[in-house]
Amino acid sequence: MTNIPETGRTPRVQIRLVVIQILVLSLLGTLGGRLWYLQIRNGDEYAKEASGNHVQQVVSPAVRGSILDARGVPIADNETRLVVSASRTDLLKMDDDGKAVLTKLAGVLGLKAKDVIDKVRLCDAKTPQPCWNGSPYQPIPITDEATPKQALQIRERAEDFPGITAEPQAVRRYASPAKANTAQVLGYLSPVTDDEITKAKDTDSPYLRSDQVGRSGLERQYDKELRGKAGVTRYEVDNLGRVIGQAKSDEAQPGANVVTSIDSRVQRVAEYELNEAMKVARTEYDKNTSENYKADSGAVVVMESKTGRVVAMASNPSYDPNAWVGGISGKDYARLTGKGSNYPLLNRAIQGQSAPGSIFKVIPTAAAVNAGYSFDGPYQCASSYSIGGQVFKNFESKGYGPISLGRALEVSCDTVFYSLSHEEWKRDGGIKPKKNAKNWFYKTAHQFGLGKETGIDLPNEVTGRVPDRQWKQDYWKANKDAWCKYGKKGGSYAQQIAYENCLEGNRMRAGDSVNYSIGQGDTLVTPIQMATIYGAISNGGTLYEPTVGKAVVSADGRSVRQIEPKSNGKLPMSRKTRDEIDGALEGVATRGTAAWRFGGWPQDKIPMHAKTGTAEVYGKQTTSWFATYTEEYSVVMTISQGGTGSGASGPAVRKIYNALYGVSEEGKIDKRKALLPTPQKKLPKIEADGSIDAPKVGVYPPKAEKKAVEEGQALTGADPAATVPANNTGNNRDTRRRAARPRKRRRTLT
Amino acid sequence: MTGANGFSVSGYGPERSSWSRLFARDSLARRLDWPILFSAVALSLIGAALVYSATRNRTELNQGDPYYFLFRHLLNTGIGFALMIGTVWLGHRTLRTAVPILYGLSVFLILLVLTPAGATINGAHAWIVIGGGFSLQPSEFVKITIILGMAMLLAARVDAGDKPYPDHRTVLQSLGLAAVPILIVLLMPDLGSVMVMVIIVLGVLLASGASNRWVFGLIGTGALGAIAVWQLKILDEYQINRFAAFANPELDPAGVGYNTNQARIAIGSGGLFGTGLGKGSQTTGQFVPEQQTDFVFTVAGEELGFVGAGLILVLLGIVLWRACRIARETTELYGTIVAAGIIAWFAFQAFENVGMTLGIMPVAGLPLPFVSYGGSSMFAVWVAVGLLQSIRVQRPMSA
């Protein structure tokens, strides 16, 4: 019946009806197309937007795990404090950017208004501290030391303090048991940055805006374990924010505790004795530079020789890690990082590198044996050794006649090693190396683990340097342009050196190999490398990867992940050579260069081995090195610009051993006084409720002795410690230091 | 619900002949347009499900009864269905004779809206509150009287065989007839309804065979009128903002752009099959305002997906397609004009309603025929269906 009816119907109407029909259908087609575009083509995008629309997250931060010493004494934990913070977002909504509110707040807190206002500004290149370097959306802590009265004032008059909150919060505390602050090993925290949040967004451990992140030391190394997992509760909400849907919630998982091999008591002894040794060194006269030794920095490492575990690690100058808690003040920041600061943040045990001097000699000894030279020799120990008119002197120009390699170690005879190294250099082709050059002395150093990180579980370890032919080539390539520009034939001494370097700095000269053989010249090592090497000699040849972390224990103590000792390989020496070197090093302690420091030591009960080192540094005073080991421990100390090895570092190392084994100055062993005659094996027990039975930590030095020391300090008047005090502004930091710790503290992690 | 009473008033026309016609041998079953009937019922039932999903959580609206709106929507559908039967029974020709009374009544009702008896609901002063929870939107019925009135005037001389096309005088008269209620509705102001009525007038003029000059003249006048409305600031600020938000949907997503933004998110998140009825988070979370009435299509988009929302468009397409056939196949101009007016009405209203939820049309408060909740609208569209059926049923009985 689609025909045109015969009556009353004109073509015009009929055509128009068809037009209407087409129009109507195209309208519907348009709708269908648009519907397809929204739902099928862009559907995923809108689905995502929809889910973002109606899910609200409530985040409860996780409590950061503690760092414990080997016996369970907390060296970093948390305490609850009243934190007053300001929300920048709220403040900026006010006409005066919140200045009036902050001024009023400063009045309540007893602070200067300017300081408070400065604290909430954002850090940038031009803004000096104090400023806020965290996320601008996160509440900015003004103080974490509000009194309950101040907090009440703020909370009761909330309408007077818009954007200001005062709430109890778990705040990091570096407990410094027995004044052992372990600062550089622990590291510090600072607020997470926007970049880090973005980067970690899709990983299995994303950050919260309020998170603190470990920036160095153990806090950084074990950040993921310590941080735990924040609790997130997801609520489905309607357009008014009312909860309508099933709430999905992940409970906060408190961070795990990291048990370290650090023994706070030994750590205290190490820190204290290092500081004392540096103070003493500063009173000694250096006849080479005609002034007292500067003793500007130093480090000491106490390591379990059979496992590579670090029992104590001290670096001087040091600082109070609590300075970082709750945002560092501008003054403190300058003190810790400024040019005049001497960089106390550096952990010189792993980040300080210098020429090792004679403690290096165990390496050329092993190298010589590997190259085919007999251990027994004899080798001529002349007072000097000359190559082409250049004279290399023995230390203090003393000759000992024909001796074995062992005796050469004992008396630290340089010329024996000069001649061996020089001979090998010639064998390898001298200045123009043969294709199959053996490079025994350098190869052996690499096999000892030098020139690369030991792999300790602390961030930013440095490698040191083995100045082999390859290094010379690389170094010359990198520097020749500067050398060639500056160098001048017949100019000043420095210009002449540069000129020579420009010409043939890529070649290893005879003098280089001679200097290298006694750990001088371009050789660089770190204390941790030397502690690892001497520990390996002690344990029969295994180079352990040093560790500070011993176990990661969950907050409830149920899950324990042990960090097992890991071998980095064997020392390149036979058992026989090991025994011979071991014997020689014992000789150093009993009749060699270190003997005068171990007078009365019970050698029959606790065999002591040692090697002294005094490294010369161009333009500076000599570096003191002292490397020692017993059956259980290796202890390596160094003091920059501190004098001789045995002279500057000897007494301190002896005192550390005294404390470890309970040996008196006269050599009597009192087992009750021994702090750690054998390494701590058992892990501390962490209860299900998170509490830890931590033993007492005694005072060091013992009271009577300490009194005398303090009187001595009072006489000198000035601050005697090389330690940089983290804060002496005197206002509030001191309140957090606890005078005495309870005997057995039960800690609850909640 | 009492809104349709004006159309179920009986007592006019030869009741007896209508009755016999309705039950004449094979006629009704054979001549009734079943696809339109089926589609209209399906749309109303889908609408009921969507209205239920949109309102079951809106305790501030449903008085604590999640089935409140579902029940009322079904009731409206039932009443609408009865009105359709009544309309078919009376027949569109019979109603032609009642046009003066219907026209007078509907103009009276919209005038009543302008008096204190009128009420403002959702920003439109277009309602008469009757009491007992009932209210009436007379502009919905004006749409029908404009169609019937104009068709009566325009078709009279042509159907009588006097002229091939309506002359200028008749066109002028019919435009005058439409202009009175349109101007009153404009004063409310119920701009959405005015737009629909203007489109209806356009459809009616097209189908009447009136000269092209009238058609283009009307389009020009409409454009001028729109400019005048804009310039004379007859629009309220919210109406201007709606247009601004349409032009730039990112503008102020919490404010005027909110509706369209949320509507688009709801529809877009539905995907191919949707979340399932009652499971859409946008709907459950009440992120889309007016979701049971003007934005009911978003429920379909989110919970029934492309398949379900597409089905609604297909069903509307069937209604309009069949209506176009009816318009073309009827032998008298009167029926053609009435059918064309209804097509223009349904098509524009559906396009505007769905288009605004999809972000291709500015927001205007218009219901989606059959699907949106609302008594007056439901009754009016079912009466329109009755008119279409009547035109088809009575087709062979040419005048």
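Reply: Helices here are DSSP runs of H or I with at least four residues, strands are runs of E with at least two, and both are numbered from the N terminus. The model is predicted, so local features need pLDDT of at least 70, side-chain atom pairs count only at pLDDT 80 or more, and totals for chains, interfaces and linings use all residues. Residues are numbered from 1 along each chain as its sequence is written, while chains are lettered from A and ligands numbered from 1 in the order in which they are written.

Let's start with Lys179(A), which sits in the loop between β5 (164-173) and α7 (183-186). Its phi is positive, near 65 degrees, and it isn't a glycine. A residue is buried if 20 or more other C-beta atoms lie within 10 Å of its own, exposed if 12 or fewer, and partly exposed in between, with C-beta atoms placed from the backbone. Lys179(A) has 14 such atoms within 10 Å, so it counts as partly exposed.

Next comes Ser412(A), in the loop between α15 (405-410) and α16 (414-427). Ser412(A) isn't a glycine either, yet its phi is about 55 degrees, again positive. This serine is buried, because it has 26 C-beta neighbours inside 10 Å.

Now for the cis peptide bonds. One joins Gly377(A) to Pro378(A), with omega about 0 degrees, and Pro378(A) lies in the loop between α14 (362-370) and β15 (379-381). Another runs from Tyr700(A) to Pro701(A), with omega near -10 degrees; look for Pro701(A) in the loop between α23 (645-661) and α24 (703-716).
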